[in-house]
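This report describes one protein chain, taking a few sites and elements in turn. Please keep the sequence and the structure to hand while reading.

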Amino acid sequence: MPNIKIFSGSSHQDLSQKITDRLGLELGKVVTKKFSNQETCVEIGESVRGEDVYIVQSGCGEINDNLMELLIMINACKIASASRVTAVIPCFPYARQDKKDKVGADSNVSRAPISAKLVANMLSVAGADHIITMDLHASQIQGFFDIPVDNLYAEPAVLKWIRENIADWKTCCIVSPDAGGAKRVTSIADRLNVDFALIHKERKKANEVDRMVLVGDVKDRVAILVDDMADTCGTICHAADKLLSAGATKVYAILTHGIFSGPAISRINHACFEAVVVTNTIPQEDKMKHCPKIQVIDISMILAEAIRRTHNGESVSYLFSHVPL
């Protein structure tokens, strides 16, 4: 693969290394540091003139610092005459702030920001020519960009894990913990040829669920909760209790982005899950030390194949059903 350079931000260097290993490449040299006032400084350590550049940086950890680092890296490569700069963002930051859906305390007028659109503008202004991401919280975020966006899906890896690790998967029920994930679970259920259900939830405020109603039958079945992300894990833990009380024999959770902030690890440890399975779009090594229920699916092959196909001018949508895992 000539004329290609892959650089890693500081958010998830292990994933970046796995991607380059799969492509048979070496990570590009980059030095990231902070001045005493905490300003970020990035120095690209090799020529990128005329190169097809890919910068891997996930929206996790110190999200604001990592986002700023990504923007600076994009701009540094762009003004150093890179032919194309692609931002590979496995977990897109601020993706949950994608619409004006909150009501002001004193009126019916929403004053909530659409921060995902702001991030899209910042990436474009920094000089990004293309975005590769995975399981966007809302697919409409692709429309916030005026540059190409490839939203990859972890579904092939999820299907493989279910078939290889759940003995009774042929009679299981795929469950969405909210109505917004119905399309995701129906796609997986159709591919497995099994039933699906969903849980309707009502929130009093962010990260706090008021009540849940199960729509579907999970009695005497293995229930598999599937969602794009879990943060404080209040939703999936309440959903697991609901499924168990409805007669499910076992409950698994499969998530693309395991954010696991605040009381998440404690909640998972005390919940009734057989396993909580996440992809490695976010580093999980430290969390796995404190929670034996967490298992990780490696999705570096999907991202590596997307980079290879983009570089060669091939279709990336082919990946959704044909990527060799």
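Leaving aside its neighbours within four places in sequence, which residues is Glu314 in contact with?

## Glu314

The model is a predicted one. In it, Glu314 is in contact with Arg308 and Arg309 once neighbours within four places in sequence are left aside. Glu314 sits in the loop that runs between helix H9 (300–311) and helix H10 (319–322).

The relative accessible area of Glu314 is 34%. Because buried means under 20% and exposed means over 50%, Glu314 counts as partly exposed. Gly181 is 133 residues from Glu314 in sequence, and the two C-alpha atoms are 29 Å apart in space.

## Two domains

The chain is divided into domain 1 (4–152) and domain 2 (155–297). Their C-alpha centres lie 27 Å apart, and the contact takes 14 residues from domain 1 and 11 residues from domain 2.

The size of an interface is often given as the accessible area lost when the parts come together. Between domain 1 and domain 2, the buried area is about 1,100 Å², with 54% of it from carbon and sulfur atoms. On the domain 1 side, His12, Arg96 and Asp135 lose the most area to domain 2, and together they make up 42% of what that side buries.

## Helix H3

Helix H3 (residues 115–126) has 12 residues. From its first C-alpha to its last it reaches 16 Å, close to the 16 Å expected at 1.5 Å a residue. After H3 comes Gly127, which has a positive phi, near 125 degrees.

Which residues of H3 are buried? They are Ser115, Ala116, Val119, Ala120, Leu123 and Ala126. Seen down the axis of H3, these residues fall within an arc of 150 degrees, so they line one face of the helix. As background, an α-helix has 3.6 residues a turn, so residues three or four places apart point the same way. The buried residues of H3 pack against helix H2 (63–79), strand S5 (84–89) and strand S6 (130–134).

Strand S6 has five of its five residues buried, so it is largely enclosed by the rest of the structure. Both of its faces are covered, with His130, Ile132 and Met134 on one side and Ile131 and Thr133 on the other. S6 pairs with S5 in the parallel sense over four bridges, and Val88 has Ile132 as its bridge partner in S6. Four bridges also join S6 to strand S7 (residues 149–152), again in parallel; there, Ile132 stands opposite Asp150.

## Strand S8

From strand S8 (residues 173–176), Cys173 and Val175 point one way and Ile174 and Ser176 the other way, and all are buried. S8 runs parallel to strand S11 (residues 222–230), and three bridges join the two. Ile224 is the bridge partner of Ile174 in S11.

## Thr20

Thr20 lies in helix H1 (residues 13–23). Its relative accessible area is 0%, so Thr20 is buried. With residues up to four places away in sequence not counted, Thr20 touches Ile6, Leu25, Glu26 and Leu27.

Conventions
Residues are numbered from 1 along each chain as its sequence is written. This is a predicted model: local features need pLDDT of at least 70, side-chain atom pairs count only at pLDDT 80 or more; totals for chains, interfaces and linings use all residues. Side-chain values use heavy atoms; hydrogens and water are left out. Buried means under 20% relative accessible area, exposed over 50%, partly exposed in between (1.4 Å probe, protein chains only). Contact means heavy atoms within 4.5 Å. The expected span of a helix is 1.5 Å times one less than its number of residues. The arc is that of the directions from the helix axis to the C-beta atoms. Two strands pair if DSSP finds at least two bridges between them. Domain bounds come from an automatic or database domain assignment. Buried area is the accessible area (1.4 Å probe) that two parts lose on being put together, summed over both.
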